[in-house]
Amino acid sequence: LATADTESAAAPVSGHLQTKALPAIATAGSPCDTMLAATSAMLPATSAAQVQATARPSYLMPTLDSLHRSCVVRITNNRAQGDSVIQRNDYSRRQAFNADSSRFLLNNTQGFWLLYDARSGRQIEVLSNLQGTADRLAGDAEPFWHPTNPNVLYFIPTNGVGMHIYRLDLSTHTVTTVADMGAQIRRIWPDADMAYTKAEGSPSADGRYWCLMARHYDDTGSQPMRGVFTWDLQENRLVGTLAMDSAPDHVSMSPSGRYCVVSHEKASGPGTRAYNRTFSAPYNDQIAAGYLQLHENSEHSDIAFNRQLQDVYVAIDYQSNTGDVFMHNLDTDRRTTLFPSYLDRVSGKAYAKPGWALITTYGEYHADAMDSALPPAQRQWPHRKMFAVSLDEQPRIRSIAAIHPNVYQYEDEPHGTVNRDFTRVL
């Protein structure tokens, strides 16, 4: 992406984010090295060039996407393994790559998490049979890579039952408990049993602050909601709490650690709102209310840094006439339309490349033609494409690669996610 954008980032705003030097990206020996050395700058994604009809890439063989000037490697071989163990990227909001991009995570339909070598594209191991306070990382464990140590990741019990945060050291395969939140949470909500983001949130970019929801585990499966809270992993304490009756779709900490974003479906709650991490009023120095309304619904979205290291909520507005992809600044309350769409997945995890988000699209297939593609004359420029969008008032859009969803169903949506410096994408 550096060939498309050589501008230096503006000075960061004051805040609590601790800037740290990230490990060097581990690209030595990548199968794409030679191929990428011969490519030139990325094309604007809004060009009229059509996606070429290409053969399915061979397993682990670097393939040149000549139209978009990128190197593609297929790193799953699901057809050979059978439908019962399909492997895929968990979600667009998941930071799949570790701190130096030497490894990444996938999961499978049996509930296991899989560790991969990002240079060879080969599976290293299934993350089970671990030693320590938790026997394995499985199910809805919400793994999060350590921001600077490439051998460490955090995870929680499946569905947050038990209210712990674990630390896995991959160099020793040892799991330790780094947060036992139960006692402090139960002082606020005595019957709380669960603490999680509901699978789609993230901690702050430096790993310190976590926004989680607290719920009661009911044998009937209702899991009634108790509230939302911020946990400081560095000081091992509750920072703020907010009682809440209706369960959100998910919650997430903003990259800076200043805000907790609570995302409700319109039918069951107030839409998507940001709160400061203490859930107190005023929201910040500019906004007197206790929260900031970001959207009237819960949509495909992520929270990213802009160039000034301000938090921006990037999402699609299905209620607008043109299906706008927009960003909403969590500091200033300014909303900016980036481009019209009606189709997208968003990843804002490039914390070391502030000011960019990854978009993957799947909207060529519609409810009235769920298993048939649009004819070429009706395709829009985003169709069958993965691209980077700058988080600016006048955004730049750079094409990365063609993608090939072929039916309209959830499992086929391309949940693209990006590494921290925006050099690798799953």
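## Basis of the model

This is a predicted model, in which local features need pLDDT of at least 70 and side-chain atom pairs count only at pLDDT 80 or more, while totals for chains, interfaces and linings use all residues. Residues are numbered from 1 along each chain as its sequence is written, and side-chain values use heavy atoms, with hydrogens and water left out.

## Hairpins and strand pairing

Strands are DSSP runs of E with at least two residues, numbered from the N terminus, and two strands pair if DSSP finds at least two bridges between them. Strand S26 (residues 385-390) runs antiparallel to S27, to which 5 bridges join it. The two form a hairpin with 6 residues between S26 and S27. In strand S27 (residues 397-402), 6 of 6 residues are buried, where buried means under 20% relative accessible area with a 1.4 Å probe and protein chains only.

A second hairpin is formed by S8 and S9, again with 6 residues between the strands. Strand S8 (residues 144-145) and S9 are antiparallel and joined by 2 bridges; Trp145 has Leu153 as its bridge partner in S9. S9 is also joined by 4 bridges to strand S10 (residues 164-169), likewise antiparallel, and Phe155 is partnered by Tyr166 in S10. In a regular strand the side chains alternate between the two faces of the sheet. In strand S9 (residues 152-155), Val152 and Tyr154 point one way, Leu153 and Phe155 point the other way, and all are buried.

## An open sheet

An open sheet of 4 strands has the order S3-S4-S5-S6, with antiparallel pairing. Strand S3 (87-88) and strand S6 (123-126) stand at the edges; each has a single partner strand, so one side of each is left without a neighbour in the sheet. S3 pairs with strand S4 (residues 103-108) over 2 bridges, and Arg88 stands opposite Asn107 in S4.

## Cavities

The structure holds 4 cavities of 30 Å³ or more. A cavity is a set of points, on a 1 Å grid over the protein atoms alone, where a 1.4 Å probe fits but cannot get out; lining residues have an atom within 4 Å of a point. Grid points are joined across faces, edges and corners, and a volume is the space filled by probe spheres set on the points.

The largest cavity contains about 130 Å³ of space. Of its 16 lining residues, Gln95, Phe144, Trp145, Pro203 and Arg420 lie nearest the centre. The lining divides into 7 nonpolar, 4 polar and 5 charged residues, with Ala, Val, Leu, Ile, Met, Phe, Trp, Tyr, Cys and Pro counted as nonpolar, Asp, Glu, Lys and Arg as charged, and the others, Gly among them, as polar.

The second largest cavity has a volume of about 50 Å³. Its lining consists of Arg93, His250, Ser252, Val261, Ser301, Asp302, Ile303 and Tyr313. Strand S16 (250-253) and strand S20 (301-305) are the elements that give two or more residues to this lining, and S20 supplies the largest share, 3 residues. By class, this lining has 3 nonpolar, 3 polar and 2 charged residues.

## The setting of Ser347

Ser347 is found in strand S24 (residues 345-347) and is buried, with a relative accessible area of 0%. A polar atom of the Ser347 side chain lies 3.4 Å from the backbone nitrogen of Val418. Leaving aside neighbours within four places in sequence, Ser347 is in contact (heavy atoms within 4.5 Å) with Ser92, Asp302, Ala357, Leu358, Gly416, Thr417 and Val418. Among these, Asp302 also lines the second largest cavity.

Note on methods: On a 1 Å grid over the protein atoms alone, a cavity is a set of points where a 1.4 Å probe fits but cannot get out, and a pocket is an open set with protein on both sides within 12 Å along at least five of seven lines; lining residues have an atom within 4 Å of a point. Buried means under 20% relative accessible area, exposed over 50%, partly exposed in between (1.4 Å probe, protein chains only). A polar contact is a pair of N or O atoms within 3.5 Å; within protein, one must be able to donate a hydrogen and the other to accept it, and residues adjacent in sequence count only if both atoms are side-chain atoms.
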